[in-house]
Amino acid sequence: MQINDFLTWQMLAGFSCMAAAVGVLTQFFKGLFDKLPVRVPTRAVSYIFALVLLFGTTYFTADAGASEYFLCPVNAVFVSFSSNGAFDFIKSLSDKGDGDA
């Protein structure tokens, strides 16, 4: 694997890689959304990133018809929920501070 092949559309098409990418993007960019005059919930930001990545992945990896694109908003819910849940779990472990899981 070359360094420029760290993240490909084919790898991003997998559920776990998609959830990880959405989690990283959400945490990286959520500070920008906090500066807007209107409060945007982090879960909405996560859903937007999941939706954009799913549409992109569907476009670049599949010979997709309309049915695949109609499923993107539904799949974005699952990706966003799993990404948010993983972040909440890691945060709860780090908040304990005493090393107990």
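## Overall architecture

Helices (H or I, at least four residues) and strands (E, at least two) are DSSP runs, numbered from the N terminus. By this definition the chain has four helices and zero strands, and its elements follow the order α-α-α-α from the N terminus on. The C-alpha trace spans about 50 × 40 × 25 Å along its principal axes.

This is a predicted model, in which local features need pLDDT of at least 70, side-chain atom pairs count only at pLDDT 80 or more, and totals for chains, interfaces and linings use all residues. Residues are numbered from 1 along each chain as its sequence is written, and side-chain values use heavy atoms, with hydrogens and water left out.

## Confidence

The predictor's confidence in each residue is given as pLDDT, from 0 to 100. The chain has a mean pLDDT of 86, and 93% of its residues reach 70 or more. Where pLDDT is low, the predicted coordinates should not be read in detail.

## Burial and contacts

A residue is buried when its relative accessible area is under 20%, exposed when it is over 50%, and partly exposed in between (1.4 Å probe, protein chains only). Of the 101 residues of the chain, 22% count as buried.

A contact means heavy atoms within 4.5 Å. Of the contacts in the chain with a separation of 6 or more, 62% are accounted for by residues 24 or more positions apart.

## Helix α3

Helix α3 comprises residues 42-61. The expected span of a helix is 1.5 Å times one less than its number of residues. The 20 residues of α3 should therefore span 28 Å, and this agrees with the 28 Å between its end C-alpha atoms.

The buried residues of α3 include Val-45, Phe-49, Leu-53 and Leu-54.

## Two individual residues

Asn-84 lies in helix α4. Asn-84 counts as buried because its relative accessible area is 9%.

Gly-14 belongs to the loop between α1 and α2. With a relative accessible area of 27%, Gly-14 is partly exposed. Gly-14 and Ala-64 are 50 residues apart in sequence, and their C-alpha atoms are 16 Å apart in space.
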